[in-house]
Amino acid sequence: MKTFSIILFFLMSVLSSAQTEKDIFNPDVPLVFFGADFSQVQFTKAETFNNKPEILRFFVDCNNLLKSNGYQNLLKKRLRREEIKTDFSYVTKNNGSVEWQNVYSDNIDYSISDEDIQNMIRNLNIDQGLYKDHIGIVMVEENYSKTKTLGTVSVVFFSINDLKSILIKRYSLKPNGYGFLNYWGMINLQAINSLKKLYGELK
């Protein structure tokens with residue numbers, strides 16, 4: 001009986017502390033933004049891109065944009081937060097291990113499954129002690145298609161405690177702007193801006 005009571009108490013503690021979609025807007029649950037993960041991205045079709053060796057620099061520049069005050073303030077506004085922590089060290093490490101030859105494909109319908117996104121969360125190797133009880137946010141870059149003129153990115157919210165996704169919001173958006181960085185980097189800005197509808201969806 002005593003053993004049963006201990007197990008029951010443990011299960012109730014786990015269930016009571018499990019984070020849900022509504023906690024994304026709960027000011028008592030801290031958020032940390034980890035930046036953009038390009039480790040599984042594909043640029044399609046391959047033949048339409050002529051800056052192939054320089055693409056790894058694009059990953060760095062995109063995350064630098066996401067670190068800027070303008071992007072950070074927009075994210076806080078859309079998620080109705082006074083503060084959102086940032087730590088791009090994990091995506092920087094994973095993005096740096098990508099071989100540029102592997103990010104081009106002729107599969108214009110390429111996408112990353114929710115299961116693979118879950119694996120990507122685990123592969124970030126986040127310090128769970130440092131961010132205990134936080135909700136993490138990472139932008140999973142999926143398909144940048146010149147053929148379709150669309151960029152697809154998933155904004156992923158996940159529990160740091162168990163590294164399980166809470167919500168995956170996938171957006172396919174039209175790029176816009178001058179120069180490669182501004183043209184494709186606009187996808188992330190539009191995705192963040194699209195989060196303005198999230199509060200109403202989760203109410």
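1. Leaving aside neighbours within four places in sequence, which residues is Asn 51 in contact with? The residues are Tyr 104 and Phe 180. Asn 51 sits in the loop between β2 (42–44) and α2. Its relative accessible area is 15%, and buried means under 20%, so Asn 51 counts as buried. The model is a predicted one, and the points below should be read with that in mind.

2. The loop between β2 and α2 also holds Lys 45. The peptide bond joining Thr 44 and Lys 45 is cis, with omega at about -15 degrees. For background, most peptide bonds are trans.

3. Next, the packing of two helices. Two packed helices are described by the angle between their axes and the distance between the axes. Helix α2 covers residues 55–67 and helix α3 covers residues 69–78. The angle between them is about 60 degrees, and their axes are 4 Å apart. Angles of 65 to 115 degrees would count as roughly perpendicular and those under 35 as roughly parallel; α2 and α3 are therefore oblique to each other.

4. Which residues meet where α2 packs on α3? From α2 come Leu 65, Leu 66 and Lys 67, and from α3 come Asn 69, Tyr 71 and Gln 72. Sorted by class, this contact has three nonpolar, two polar and one charged residues.

5. Tyr 71, Gln 72, Leu 74, Leu 75 and Arg 78 are buried in α3. Viewed down the axis of α3, these buried residues fall within an arc of 160 degrees, so they line one face of the helix. An α-helix has 3.6 residues a turn, so residues three or four places apart point the same way. Asn 69, Gly 70 and Lys 77 lie on the other side of α3 and are exposed.

6. What covers the buried residues of α3? The cover includes strands β1 (31–37) and β3 (85–86), together with helices α2 and α6 (180–194). Just after α3, Arg 80 takes a positive phi of about 55 degrees.

7. The largest nonpolar core has 60 residues. Those touching the most other members are Phe 43, Leu 79 and Phe 157. Strand β5 (residues 135–145) supplies the largest share of this core, six residues. In soluble globular proteins, nonpolar side chains tend to be buried together.

8. Not counting residues up to four places away in sequence, Phe 157 touches Leu 79, Ile 135, Gly 136 and Ile 137, among others. Its contacts also include Ile 24, Ser 165, Ile 166, Leu 167, Leu 195 and Leu 198.

9. Most residues other than glycine have a negative phi. Asp 133, in the loop between α5 (114–123) and β5, has a positive phi near 70 degrees. At 36% relative accessibility, Asp 133 counts as partly exposed. Thr 149 lies in the loop between β5 and β6 (150–159). The phi of Thr 149 is positive too, at about 55 degrees, although it is not a glycine. Thr 149 has a relative accessible area of 31% and is partly exposed.

10. Lastly, Ser 113 is in the loop between β4 (104–105) and α5. It counts as partly exposed, at 33% relative accessibility. How far apart are Ser 113 and Ser 194 in sequence and in space? They are 81 residues apart in sequence, and 21 Å apart from C-alpha to C-alpha.

Note on methods
Residues numbered from 1 in each chain as written. Predicted model: local features only at pLDDT ≥ 70, side-chain atom pairs only at ≥ 80, totals over all residues. Heavy atoms only, no water. Axes fitted to C-alpha atoms, helices over the stretch in contact; angles between N-to-C directions. Helix = DSSP H or I, 4+ residues; strand = E, 2+ residues; numbered from the N terminus. Parallel < 35°, antiparallel > 145°, perpendicular 65-115°, else oblique. Contact = heavy atoms within 4.5 Å. Nonpolar A, V, L, I, M, F, W, Y, C, P; charged D, E, K, R; others polar. Buried < 20%, exposed > 50% of the residue type's maximum accessible area, 1.4 Å probe, protein only. Arc of directions from axis to C-beta. Core = buried A, V, L, I, M, F, W, Y, C linked by side-chain atoms within 4.5 Å.
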